[in-house]
Structure formats: structure tokens, C-alpha cells
Amino acid sequence: MNEERKTPEVRAQMTDIERLRHSASHVLATAILKIWPEAQFAAGPPVENGFYYDVDLPHRISPDDFEKIEAEMKKEIKANHPFERMEVSRDEALALGKKGRLAALSERHEPSRYKLDIIENIPPDEKISLYRNGDFIDLCAGPHVMRTGNIGAFKLTNVASAYYKGDEKNPQLQRVYGTAFKTKKELDDYFAMLEEAKKRDHRKLGRELELFVFDDDVGPGLPMFLPRGAVIAEELEKLAKETEFAAGYQRVRTPHIARDKLYKKSGHLPYYAGSMFPPMILREEDDQEVARKIEREIAELERQRFELELNSGSAMFHAKEESGEESRSAEVQKIIDVSKFKHEIDAKIECKRKQLEELGDRYYLKAMNCPHHHKLFAAVPRSYRDLPLRLAEYGTDYRYEKSGELFGLMRVRSLQMNDAHVYCTPEQFEAEFNAVNEMYLKYFKLFGIDKYLMRFSTHDPSKLGQKFVDEPELWKQTEEMTRRVLKDSGIDYVEVPNEAAFYGPKIDVQVWSVIGREFSIATNQVDFAQPRNFDLRYKDRDNIDKIPICIHRAPLGTHERFIGFLIEHYAGNFPLWLSPEQVRILTIGDEPKLIEYARSILSELRAHQVRAEIDESSDKINGKVQRAEQMKVHTMFVIGKRDMEADAVSVRVHGKGNLGAKPGADAIAEILLSIKERRP
RNA sequence: GCCGGCAUAGCUCAGCUGGUAGAGCAGCUGAUUUGUAAUCAGCAGGUCGUCGGUUCGAAUCCGACUGCCGGCUCCA
């Protein structure tokens with residue numbers, strides 16, 4: 001995380017547990033130095049569930065080393081050294097750093113290079129402080145616990161790599177993670193909680209509950225939904241369609257691919273190309289021939305270049321060998337000529353390659369639905385009377401996420417988005433924007449999502465033209481407008497710079513996966529750039545053509561991520577309306593009459609579109625119950641002779657146990673009502 | 001993409017320092033006729049991720065690739 005520097009005031013607000021963990025990270029560094037004195041340390045802060053310290057060390061630390069490191073840490077804790085704070089001048093700090101004394105047990109031959117860099121970045125007016133425990137002295141703003149002995153219980157958890165200051169261009173450091181608590185009990189509870197969390201991991205539940213799969217032959221990041229998972233997607237779609245219809249949206253449908261022209265216009269090609277799959281190139285017969293000709297020409301040029309390369313090699317050789325002044329300068333001249341030729345040939349090759357590229361049509365898989373929707377807006381002349389125009393589609397997009405970024409269903413390469421684009425006038429913006437936010441809140445209430453964070457992402461002026469469309473004025477205006485509406489609506493949000501979409505600021509709703517990763521689950525973006533690029537217009541009251549504002553919104557995010565999130569949120573125990581298998585009928589025995597009765601209940605349920613199954617196997621009732629419970633089937637109708645004779649069913653609900661017998665008609669009516677109302 | 005780790009049956013996992021594969025569950029077949037978290041028996045199932053190397057011999061050692069996992073970076 002490369003966030004701006006924490007001010008000393010912010011640091012002073014560290015909670016007790018953060019202070020303890022921060023101290024634990026110093027103890028970790030102390031221990032590592034006892035074993036590897038040459039270790040270079042960068043940063044070692046407390047984090048959400050523990051702490052880490054980034055270390056640069058030739059030895060690759062592995063979990064096998066943890067025991068050894070922990071033993072040293074225990075010694076340091078047992079020694080109960082006080083954490084002493086020392087304020088020093090910038091020069092003193094630099095001098096210590098140069099002697100390798102920072103984040104070290106003693107002076108060393110190598111300077112403390114990361115610490116020196118950190119000192120450079122401390123604002124001139126800020127005090128520089130060091131902390132000492134035992135022999136270990138570290139550049140550190142604090143605060144810490146009083147003594148190392150105050151660190152109650154700790155454990156190293158894993159080691160991973162991290163770029164220095166989170167920048168890909170910087171060296172990779174080893175990040176050793178650990179966690180610490182005041183007491184052993186809290187530590188144990190934490191690990192027990194982690195174990196529980198692992199059971200909710202959507203990747204594990206997805207396999208166990210047969211919701212979705214990945215297949216190597218299909219490709220990484222390309223999930224396929226099994227019937228039980230597809231059901232959830234369809235229920236979400238049903239929900240979205242109903243909600244959006246009521247809110248005045250209209251549904252559209254668009255293809256999954258488009259010509260490069262479209263994405264050049266939208267700005268995706270310059271700004272979003274890195275996230276798009278490479279294009280498919282379509283060439284007609286004529287083009288094919290031209291392409292072959294160009295390819296031959298390129299091959300010929302490359303051959304010439306190769307020969308030149310050989311010549312220049314021998315020229316170089318001669319220039320060294322020949323001792324005569326004149327002949328040497330002649331050879332030098334030759335070298336210069338050769339390199340000039342080479343450049344010329346390279347330029348020609350480059351040019352031919354370009355020609356080759358431009359031959360035929362290039363189609364891209366769509367990474368977003370907006371360009372297609374803009375075309376639909378433009379397809380019909382629009383008047384101010386048509387606005388706001390809300391075009392909705394559960395569109396399928398393909399994004400080339402880097403391999404290391406893929407994560408179960410939460411981060412994939414094919415995704416279906418609860419997408420819609422709202423085209424409106426500036427006067428309508430506020431109402432539309434708020435309506436979208438209200439839709440989020442409505443959904444969150446339905447799903448019982450109460451832990452989330454609204455992030456308002458704005459642009460970074462220094463990245464105009466690279467990451468963000470180069471329209472400084474429009475950025476400013478749009479961000480101000482959005483900020484004002486956000487403030488007026490009273491929604492709690494945090495503002496994060498440099499994370500806007502390339503075409504405008506956005507509001508994301510961030511949630512956390514069971515594993516503690518954060519994800520944007522819903523999004524709402526304001527687009528001032530694309531409507532211009534697409535020359536979208538509507539005829540206003542005053543008979544003048546005007547450009548609409550576009551709001552991109554996806555309250556349910558994508559099926560993939562939302563379902564992944566829901567699996568963890570419900571721990572696989574979906575409410576009835578979402579449950580892949582809503583009712584399973586378990587018969588006690590398989591006498592023909594009983595089976596007949598059970599099947600009549602099944603048909604009745606199915607006639608009402610209830611996802612019901614029947615288990616007619618020869619297992620004992622205990623076995624049938626066990627299997628239904630394991631698959632987290634929402635409701636079980638246990639049907640034996642007794643029930644048949646009373647025209648009843650015995651109802652069992654997953655997680656709630658046996659609820660007793662009930663007239664069949666009543667049980668079915670209750671099921672239908674719960675589904676219809678989408679009860680939690 | 002980068003750093004590190006891992007890859008044995010559909011799933012969960014055994015298989016010691018190289019001597020050519022094993023369990024439970026799931027599946028299939030049969031028996032059992034059941035009252036709320038596993039009835040019994042039998043059968044079948046694997047080119048040990050792929051390719052290459054070392055070796056008389058490789059699931060086991062080495063290398064490359066692919067995929068997954070933990071992070072970093074990036075995102076719905």
C-alpha cells in the first residue's frame with residue numbers, strides 16, 4: 001500500500017493492539033538480525049490482523065525458519081527490554097543510517113539503505129525519532145508498548161514478497177507476517193476463527209456444493225457454473241430485472257465482441273488496452289494475399305538486416321586489428337554507415353508491420369458494455385423528453401487480468417455484470433445518482449450486508465493522458481458535482497485519489513471476503529468523456545443539441561464476484577429463495593404407495609417452480625438426512641407412512657433441525673410465500 | 001506480470017532416505033425397508049499435472065512448462 005505518509009498525530013492514535021503488534025514487528029526484526037545480521041529492513045507496521053516487517057535478505061526465509069525466528073523473538077520478549085524513544089536530528093539519523101546502525105543490532109559495513117531512503121522522505125519539519133529495544137535500534141515514529149515483555153502471545157504466519165513502497169519498479173522484499181495478542185487465549189481464538197473462515201471460503205464451498213468449476217482446458221479465470229450455481233445467478237438476474245423495471249430501466253442486449261473502431265472511440269484502446277484480450281484479426285481473401293506479400297517483404301528486409309549485422313561485426317573486428325590511422329578511420333566510417341542502414345531497415349520493417357496490422361478487421365472481446373450501450377443511445381434520435389434513459393443488460397465481459405490476480409470467483413477473466421447506463425441531463429444528475437445509491441442500499445438490506453465501505457475514487461492530475469482522459473476541466477467539474485451530491489445525500493464515504501475509471505470518477509462499494517481480501521462489489525461511475533467521444537446528443541427544450549451525462553452503475557457488481565461474496569456471506573446456507581435446492585423430499589422406505597405420495601408432493605412443488613428433488617434411495621433416513629444437510633439443502637420434507645396417512649409432511653430445515661409434521665398444503669404454501677418475499 | 005510454496009482416484013489425504021501406487025468418502029451392483037447428521041457387502045476407479053533429464057530403475061532427485069495457493073501490483 002503506497003498511501004501518503006501518516007502524520008505523527010495519526011500514528012499517535014494507534015490502538016493498544018496495534019501498538020502491541022507494531023512492537024512485535026520490532027521484535028521480529030531483532031530476531032531476524034540475531035540470525036542474519038546483514039538483513040536490511042524497510043517497513044514494519046501493524047496491519048488488520050497482525051503485523052509484518054519487510055526485509056531484504058539473500059537467504060530466502062521460509063516457514064521452516066519460523067521456529068528458529070520465533071525462538072529468538074521469545075528470548076527478546078523474555079529479556080523484557082524497555083522500548084526507549086530517542087529524538088535525533090536529521091544529520092544524526094543519516095549518520096547512523098550510513099553506518100548501518102538503523103534497524104540493526106550494531107554498526108555494519110553496509111548502510112541501512114531503506115531506512116536512509118525513508119529519512120529522505122520525512123518532511124523537514126517533522127521530528128525524527130528512533131526506538132531501541134536491547135541492542136536493536138530502529139528508525140521509527142512509534143508508538144510502542146512499554147517493554148518487549150508486554151507482547152503477550154505471537155506467532156509468525158507466512159512470508160510473501162512485496163515491492164518496496166508497493167512499486168513494481170522497486171526491488172522485491174520478503175514480507176514476514178505474524179500476529180500478536182495480549183493473551184494466549186486471544187491468539188488461539190484468532191486461529192480458531194481463521195479455521196472457521198476457511199470453511200466459508202467460496203472456492204471450497206463452491207466445489208463442495210457443486211456451484212461452479214474451473215477447468216484447465218477452458219482456461220484460468222474462466223469459471224463455469226454448474227446447475228446449482230447457475231440457479232443463483234438466475235435468481236439474482238430475476239431480482240435485478242424486477243428492481244430495474246420498477247425503477248424505469250429498459251433492457252437491451254448486445255454482442256460480446258466489437259471492432260477496434262468502437263474501442264478507439266470509447267477510449268478503451270489507449271486507456272484500457274492492458275486489461276483487454278488481444279484482438280481477433282479477420283482477413284478476407286484479398287487481404288490474405290496482400291498480407292502474404294508484406295510478410296515476404298518483411299522476411300527479405302530481415303535477411304538484409306542480418307547480413308548487415310554480419311558485416312558490421314567483421315568491420316568492428318578490422319577496426320581493432322588495423323593499426324594504420326587512415327584505414328582505421330575508414331573502418332569507423334563504415335561502422336557508422338552500417339548502423340545508419342540498419343536504422344533505415346528497421347524503420348521499413350516497422351512500417352510494413354504496421355501495414356500488416358491494419359489489414360482486415362480487428363475484433364475485440366468487450367471488456368465493458370458501455371460502448372455498445374452508447375451506440376444504442378445514438379441509434380435513435382433523442383429528445384430531452386427521452387431522458388433519463390436507462391439501458392440495462394446483464395452483459396458478459398472479458399478482461400485479461402494478470403495471472404497472479406485471479407482469485408476464485410472474485411477475480412476472473414469472464415464476468416457478467418449487472419450493468420446499466422443512465423443517460424441524463426445535468427439537472428437530472430442528482431436525482432438519478434441518488435436513486436442508484438438507494439438501489440444499492442435496498443439490495444444490501446435484502447442480503448443483510450452491513451459491513452461495507454463507500455469509496456469515492458477521483459483522478460490524479462499527474463496521470464492525465466496516461467491513466468485518465470486528458471480533460472482537466474471536466475474532471476474537476478464532474479468530481480465536484482459528484483462530491484456535492486454525495487455529501488448532500490448524507491452517505492458515509494471515503495475519498496481515494498488516483499483510483500477513478502479512465503472516463504470519470506466512481507463510487508465503489510467495498511466489502512471483505514472471508515479471507516480478509518477487499519473487493520469492490522458494486523460500482524457507480526460518472527462518465528463525461530465517452531458521451532463526447534461518441535458524439536451522443538439529445539435535443540433540448542431550446543432546440544439545441546446537448547451532450548448527456550452518463551452514469552455507469554452495477555449495484556450487484558458481477559455474478560462472479562457477487563456470488564462468490566454471497567457464498568461466504570451465507571457460508572453456503574442460502575436463504576430459501578436463493579437456495580440451489582430448495583426442497584428435498586426424503587422418503588422413509590420405498591413402498592410403492594409411499595413413493596407415489598412423495599412424488600405427488602414433488603410435482604406440486606415443481607408445478608409452482610420450486611426447485612425440489614426427491615431422494616428415493618435405499619439409504620436409511622439418517623443417511624438421507626445427512627446427505628441433504630451436507631449439501632445444505634434448505635428444506636427437507638421427510639415423508640414416512642405416518643405422514644402419508646395424515647396427508648402431511650415432516651419439515652426439517654437446514655441448520656434448524658426437525659420442525660415436526662404439518663399438512664402438506666400448509667408446508668407448500670409457506671415455502672411459496674418465503675420464496676416470493678425473498679425472506680432472509 | 002513479479003517473489004515464494006504446492007500438484008497422487010471425482011473429493012480429503014497416506015505413500016520414510018529412488019525398487020514401478022493405498023485409505024476413507026463419493027460412484028456402480030446387490031442385499032437391507034428404515035422416523036430426522038453415515039445399513040451392510042462386493043465391484044470399479046490413477047499414463048502420480050505435462051514434457052525433458054539423471055539412474056539398471058523415478059510418484060520420489062534435477063530442469064522447463066502449465067495450473068493452483070500465499071502475498072505484491074492491479075481491479076467488478
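Which residues form a nonpolar patch on the surface, with about 200 Å² of accessible area together? Select Val-213, Val-218 and Met-224, which make up that patch; a patch here is built from residues with over 30% relative accessible area and no salt bridge, with like charges joined within 9 Å and nonpolar side chains (Val, Leu, Ile, Met, Phe, Trp, Tyr) within 5 Å. Accessible areas come from the Shrake-Rupley method with a 1.4 Å probe, and for residues only the protein chains shown count as cover, while a salt bridge is a side-chain nitrogen of Lys or Arg within 4 Å of a carboxyl oxygen of Asp or Glu.

This is a predicted model, in which local features need pLDDT of at least 70, side-chain atom pairs count only at pLDDT 80 or more, and totals for chains, interfaces and linings use all residues. Residues are numbered from 1 along each chain as its sequence is written, chains are lettered from A and ligands numbered from 1 in the order in which they are written, and side-chain values use heavy atoms, with hydrogens and water left out.

Stay with Val-218, which sits in the loop between β9 (212-213) and β10 (224-225); helices (H or I, at least four residues) and strands (E, at least two) are DSSP runs, numbered from the N terminus. Because its relative accessibility is 39%, Val-218 counts as partly exposed, the class between buried (under 20% relative accessible area) and exposed (over 50%), with a 1.4 Å probe and protein chains only.

Next, select RNA strand B together with the 58 residues that surround it, of which the closest are Gln-172, Arg-411, Lys-506, Asp-590 and Arg-642; a residue is near a strand if one of its heavy atoms lies within 4 Å of it. Helix α19 provides the largest share of this surface, 7 residues.

Zoom in on the bases of RNA strand B, where polar contacts are pairs of N or O atoms within 3.5 Å. An N or O atom in the side chain of Arg-411 is 2.3 Å from a base oxygen, a polar side-chain atom of Ser-161 lies 2.7 Å from a base nitrogen, and a polar backbone atom of Lys-641 is 2.9 Å from a base oxygen.

Now move to helix α17 (residues 559-569), which is largely enclosed by the rest of the structure because 10 of its 11 residues are buried. Among the buried residues of α17 are His-559, Phe-562 and Glu-568, and just after α17 you can find Ala-571, which takes a positive phi of about 50°.

Finally, zoom out to chain A, which has 21 helices and 29 strands, and 48% of whose 680 residues count as buried.

Key:
Polar contact = N/O pair within 3.5 Å; in protein donor to acceptor, adjacent residues only side chain to side chain.
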